[in-house]
Amino acid sequence: MTVNSELRQAKEPVSGALAGPYGHPFHPILVTVPIGAWVSSLVFDIASHVADRPAFLVRGSLWLIAIGVIGALAAACVGFLDLFAIPTGTPAFRTALVHMALNLAVTAAYAGGWAWRHGTGTTGQEGVGPGQLALSAVALAALGLSGYLGGKLAYRYGVRVADEVVQADGYRTRSSS
């Protein structure tokens, strides 16, 4: 397999209906759900230590974590399809494996954090526990590192992004057409 065919392979969807059409993958769209939910849950966690009656923030954070876990599982399903398009043995594939491992660890941490919070049966009158808050903060930091790697896959290696010829269409002026 030549470099050009490997590059083309990493840009083509394994299953267009599920992974998104050429040049417009669904994985980057879906990851906004867990990222937004988990960032918001950390904000709620911190705010629960400032508010006079933090119970609504504690409950809200629990819901946001659950929404994030469900969203992460959906994003992972589509992300696996993108992973299968990357030729093995390449720097892009190795980066994708680390990206995937971090995302799975973060999702497991949030799922465990949800179970921990749900299992304690706290009324939320005292805010989120310090251990639970720390777990969310560490998981979110790991998610940031994974997001950096995801950006590297798309913007440096061009995984599932249209090739340069297709991209050049967006920069043609009327006079150059």
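Ile 65, Ala 109, Tyr 110, Gly 113, Arg 117, Gln 132, Leu 135, Ser 136 and Ala 139 line the largest cavity, where a cavity is a set of points on a 1 Å grid over the protein atoms alone at which a 1.4 Å probe fits but cannot get out, and lining residues have an atom within 4 Å of a point.

The model is predicted: local features need pLDDT of at least 70 and side-chain atom pairs count only at pLDDT 80 or more, while totals for chains, interfaces and linings use all residues. Residues are numbered from 1 along each chain as its sequence is written, and side-chain values use heavy atoms, with hydrogens and water left out.

The structure holds one cavity of 30 Å³ or more. The open counterpart of a cavity is a pocket, an open set of points with protein on both sides within 12 Å along at least five of seven lines. Volumes are the space filled by probe spheres set on the points, with grid points joined across faces, edges and corners. In the table, Ala, Val, Leu, Ile, Met, Phe, Trp, Tyr, Cys and Pro count as nonpolar, Asp, Glu, Lys and Arg as charged, and the others, Gly among them, as polar.

| Space | Volume | Lining residues by class |
|---|---|---|
| Largest cavity | about 50 Å³ | five nonpolar, three polar, one charged |
| Largest pocket | about 780 Å³ | 22 nonpolar, 10 polar, two charged |

Of the 34 residues that line the largest pocket, His 27, Val 31, His 99, Asn 103 and Gly 150 lie nearest its centre. Helix H3 (27-30), helix H4 (32-47), helix H5 (55-84), H6 and H7 each supply at least two residues of the pocket lining, and H7 gives the most, with nine residues.

The chain as a whole has eight helices and zero strands. Buried residues, those under 20% relative accessible area, make up 36% of its 177 residues. Contact means heavy atoms within 4.5 Å, and among contacts between residues at least 6 apart in sequence, 76% join residues at least 24 apart.

A search of the whole structure finds one aromatic pair. The rings of Trp 38 and Tyr 110 have their centres 4.2 Å apart and their planes at 10 degrees, so the pair is stacked; rings of Phe, Tyr and Trp (its six-membered ring) pair if their centres lie within 6.5 Å, and planes under 30 degrees apart count as stacked. Because Trp 38 lies in helix H4 and Tyr 110 in helix H6, the pair ties together parts that are 72 residues apart in sequence. Trp 38 is buried, with a relative accessible area of 1%, and Tyr 110 is buried as well, at 2%.

Asp 45, which lies in helix H4, is buried with a relative accessible area of 0%. Leaving aside residues up to four places away in sequence, Asp 45 touches Ser 61, Arg 117, Val 128, Leu 133 and Ser 136, and Arg 117 and Ser 136 are also among the residues that line the largest cavity.

Notes
Helix = DSSP H or I, 4+ residues; strand = E, 2+ residues; numbered from the N terminus. Buried < 20%, exposed > 50% of the residue type's maximum accessible area, 1.4 Å probe, protein only. Phe/Tyr/Trp six-rings, centres within 6.5 Å; stacked < 30°, edge-to-face > 60°.
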